[in-house]
Amino acid sequence: MLVENLNKLLYWFTPNHMKDNLTDHKNVRMFLISHLFGPIITHPITIYLMLNDPQPSPHVWVLAASITAFWLFPIALKIFQRSYFILALLSVQNLTFTILWASYNYGGASSPFLMWILTVPLLAFFYLGSTAQTRILIFVQLVLSLGAFYGAYLWSNNSFPIHIPLGSMVDVAMVSTLSAATYIFIMASYYSSVVDSQSELLKEIDRHQATLQQLTAAKDDAENANSAKSNFLANMSHELRTPLNAVLGYSEILLEDAELDGRGEEIADLQKISAAGKHLLAMVNDILDISKIEAGKADLYLETFDLDVFIQEMEATARPLAAKNTNAFVLLKGDNLGEVRMDATKLRQSILNLLSNAGKFTTNGQITLSVERYVKDGADRIFVAIRDTGVGISEENLNNLFHNFSQANSSITAKFGGTGLGLSLSQNLCRLMGGNISLESKLGEGSCFTIDLPAQVIQPEEQKQDESSISSSALATEAHVELSEDGYHISGKSRELDGAIDGLRDIHATAAGGQVTGKKRTILVIDDDRNFLDVAERLLKREGYQAVSTDSPETVLRLALTIKPYAILLDVVMPGLDGWDVIGTLKSEASTAHIPVIMISNVTDKDKARRHEASGFVEKPLDSEKLRIALEPLENIAQTG
Amino acid sequence: MTLILVVEDNAVNRDVLGRRLERRGYTVRFAIDGPSGIQAAQDLKPDLILMDIGLGEMDGCEATRRIKANPETLNIPVIALTASAFETDRKKALESGCVDFDTKPVDLPRLLSKMERCLEMTAG
């Protein structure tokens with residue numbers, strides 16, 4: 001309850017622009033807590049001195065005023081929200097003055113109050129962070145103040161004023177020591193809890209990294225398994241076809257012998273062996289074709305040929321298939337078929353599959369094969385229709401028809417046989433060529449399958465593997481990791497210090513397939529504009545880097561420590577923490593100071609960039625040329641260094 | 001007499017293909033692997049070579065490449081035979097210098113028409 005109210009009070013005093021930033025917020029809370037409680041802890045000393053000093057005026061009043069002044073700082077901050085840095089420096093100066101004033105008046109260099117000087121750097125770093133700039137500033141301030149202290153001693157003829165003899169100050173010395181110890185105790189406790197939660201964050205990031213590696217490994221495994229499947233296919237293909245070669249070959253030899261000798265009964269039996277062998281071979285081929293398509297291993301063998309001639313040649317094979325159950329076969333050819341470019345084998349296979357189906361499901365009917373070429377929706381296309389007057393297909397079975405191993409219903413399988421692969425295969429073959437098979441049918445009246453293909457089939461681009469998306473919620477923190485091509489994106493919102501772990505929980509890491517742990521150089525990109533990050537990621541990838549991007553500048557230091565990037569691309573204008581703050585943090589941290597930072601800015605910031613130890617800058621909009629110019633000098637540093 | 005050299009490592013395949021070709025009036029000679037195929041091509045100067053791609057150590061493509069590299073055997077047409085299911089093998093075979101390509105198990109009428117086309121081309 002008390003803590004809650006205190007938090008509310010602290011939040012009220014916190015400047016708005018510092019509320020969203022983890023580091024700022026932490027510092028400002030420190031500032032507010034010590035200013036609210038500091039005077040409460042130290043005023044008992046003032047009261048003691050007031051009571052025990054025979055002549056308290058004016059030095060005790062000065063002391064009381066300077067301690068009370070600390071209460072004004074939060075109010076000043078509420079009014080001058082943008083002046084935190086100045087106020088913090090003033091506060092540190094006031095603290096130094098208070099301590100040295102009390103020491104000067106009560107005991108000089110042996111004063112029981114001088115030990116408070118130790119809180120000065122501690123508090124200064126709490127308020128302002130321990131950047132190189134702050135360190136120097138605070139140290140100089142301390143030295144100058146002590147110099148003034150010593151100067152005052154020299155000026156008073158090498159003596160300190162004695163308001164209360166040192167010997168009588170044992171009580172107040174004990175109180176002072178206790179107060180100082182309590183004060184440092186509170187600050188140190190608070191600081192160590194901050195350190196704990198930060199190391200918790202780092203551990204969290206490590207866990208994310210570990211998940212990422214697991215996912216990457218899983219993806220590699222899956223890819224290996226896939227290629228194992230392809231190898232298995234190739235081998236199985238060979239192994240199955242070799243014995244079939246013998247079955248078919250020898251049965252044919254025997255068949256020829258039997259025919260020569262006129263052994264009628266044997267001829268019929270041998271024909272059955274031969275037919276069964278051919279059927280088996282056809283099924284093996286179908287299964288292999290389907291598997292090849294599914295493994296993305298089906299290649300198109302495109303050739304330009306005369307469609308008219310092609311159909312004529314095919315007619316000889318087609319006619320007996322269609323005419324199976326005493327069906328009439330009709331061939332209708334358009335006049336303008338001309339030359340086409342496609343995979344002739346796959347086209348033939350598709351047409352023969354459909355014709356064989358039509359023959360199978362039609363008795364004493366008519367099967368029509370019509371081939372036409374015309375422009376549809378501005379595209380030059382070939383239409384091959386296979387129409388039958390057979391059993392037809394009911395509406396509810398139409399949808400299942402193109403699936404592997406699926407026939408209209410199981411009674412059909414019993415009656416007509418077949419593996420149910422033909423239609424699915426034909427459909428897949430046509431799709432591979434950029435076409436499609438459509439179907440119209442009415443139960444009892446017949447069916448019409450239409451192959452619709454572009455007249456000029458284009459080799460599909462290198463079959464792009466579907467971007468593997470793996471998401472894992474295995475971690476308690478609901479890590480959501482998406483593997484994509486290269487690099488990954490991390491965005492997280494850190495609300496306040498206590499909620500920092502919650503902030504990380506929101507982190508979504510979009511991770512790059514395969515290469516995350518690879519040898520590519522990693523570039524960390526920070527910008528609040530998602531679109532810009534997308535562009536940068538793409539460009540970096542093209543230049544052979546791996547990109548890690550984030551739109552939350554607060555995470556930069558932790559990220560940089562974790563992923564150890566080759567270089568950092570940093571936007572200047574961001575809400576909350578701007579680019580100059582971020583580079584300041586990076587350069588002041590020993591383990592990140594060496595990482596080259598390139599500011600995304602304009603030329604007018606050139607000097608500022610140099611002052612901030614930036615290794616270069618690029619202007620928006622980013623393109624590969626600019627990127628190369630900015631990154632090339634780093635290459636030289638890396639080589640010579 | 002048309003002389004056909006069959007390079008094939010599988011004894012059953014050699015037997016069945018050889019007998020079927022002989023029945024159709026061809027003279028058939030065999031080689032059981034790549035190196036002996038190259039040697040036989042040089043010694044026999046056959047009219048046509050049927051080359052299995054999936055041979056042992058030296059595959060059919062390599063053997064064809066060497067036959068085509070030898071000026072004495074350069075002009076002998078080679079038809080590749082393979083049981084492999086993949087188009088890439090077809091491409092590889094054609095790139096190595098085979099004039100045509102067929103799959104195993106052999107569909108004899110189809111293979112014969114390819115052989116005749118090759119023989120006509122080299123004769124003419």
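I took helices and strands as DSSP runs, a helix needing at least four residues and a strand at least two. The model is predicted.

**Entry 1: chain A overall**

I counted the elements of chain A. Its secondary structure comes to 20 helices and 15 strands. I then looked up burial. Of the 641 residues in chain A, 33% are buried. Next came contact range. Among the contacts in chain A with a separation of 6 or more, 70% link residues 24 or more positions apart.

I checked helix H1 (residues 2-13) of chain A for length. Its twelve residues should span 16 Å at 1.5 Å a residue. I got 17 Å between the end C-alpha atoms, which agrees. Then I asked how many of the twelve residues of H1(A) are buried. The count is zero, and H1(A) is hardly covered.

**Entry 2: a helix pair in chain A**

I looked at helix H5 (residues 84-105) and helix H6 (residues 119-128) of chain A. Their axes come within 10 Å and cross at roughly 170°. The cut-off for roughly antiparallel is over 145 degrees, so H5(A) is roughly antiparallel to H6(A). I listed the residues that make the contact. H5(A) brings Phe85(A), Ala88(A), Val92(A), Leu95(A) and Thr96(A). H6(A) brings Val120(A), Leu123(A), Ala124(A), Tyr127(A) and Leu128(A). By class I noted nine nonpolar residues, one polar and no charged ones.

**Entry 3: the sheet of chain B**

I traced the strand order next. Five strands form an open sheet in chain B, in the order E2-E1-E3-E4-E5. The pairing is parallel. Which strands are at the edges? They are strand E2 (27-31) and strand E5 (100-103) of chain B, and each pairs on one side only. On average, neighbouring strands of this sheet are turned by 20° against each other, direction ignored.

I went through one strand pair in detail. Strand E1 (residues 3-7) of chain B pairs with E2(B) in the parallel sense, over five bridges. Within E2(B), Phe30(B) stands opposite Val6(B).

Then I looked for helices on the sheet. Helix H1 (residues 11-23) of chain B packs on the sheet and touches E1 and E2 of chain B. Its direction makes about 160° with that of E2(B). I also followed helix H3 (residues 60-69) of chain B. This helix lies across E1, strand E3 (48-52) and strand E4 (78-82) of chain B. H3(B) runs at about 150° to E3(B).

**Entry 4: where the chains meet**

I turned to the contact between the chains. In chain A, 21 residues are in contact with 20 residues of chain B. Helix H8 (170-261) and helix H9 (264-294) of chain A each supply at least two residues of the side of chain A that touches chain B. Which element gives the most to that side? It is H8(A), with 15 residues. I sorted the residues of this side of chain A by class: ten are nonpolar, five polar and six charged.

**Entry 5: backbone checks**

I searched for cis peptide bonds. One runs from Ser57(A) to Pro58(A), with omega near 0°. Pro58(A) is in the loop between helix H2 (22-52) and helix H3 (59-68) of chain A. Another joins Lys104(B) and Pro105(B), with omega about 0°. Pro105(B) has its place in the loop between E5 and helix H5 (108-123) of chain B.

Glu613(A) has phi near 65°. I found Glu613(A) in the loop between helix H19 (606-611) and strand E15 (616-618) of chain A. With 14 other C-beta atoms within 10 Å, Glu613(A) is partly exposed. Lys45(B) has a positive phi of about 45°. Its loop lies between helix H2 (34-44) and E3 of chain B. Lys45(B) has 13 other C-beta atoms within 10 Å, so I marked it partly exposed.

**Entry 6: Asn364(A)**

I ended on one loop residue. Asn364(A) lies between helix H11 (344-360) and strand E4 (366-376) of chain A. Is Asn364(A) buried or exposed? It counts as exposed, with 10 C-beta neighbours inside 10 Å. Leaving out residues up to four places away in sequence, Asn364(A) touches Asn325(A), Thr326(A) and Asn327(A). I also took a distance to Ala323(A). The two C-alpha atoms are separated by 9.0 Å, while the residues are 41 apart along the chain.

Terms used
Residues numbered from 1 in each chain as written. Chains lettered and ligands numbered in written order. Predicted model: local features only at pLDDT ≥ 70, side-chain atom pairs only at ≥ 80, totals over all residues. Contact = placed C-beta atoms within 7 Å. Nonpolar A, V, L, I, M, F, W, Y, C, P; charged D, E, K, R; others polar. Pairing = 2+ DSSP bridges. Axes fitted to C-alpha atoms, helices over the stretch in contact; angles between N-to-C directions. Parallel < 35°, antiparallel > 145°, perpendicular 65-115°, else oblique. Expected span 1.5 Å × (residues − 1). Buried ≥ 20, exposed ≤ 12 C-beta atoms within 10 Å, placed from the backbone.
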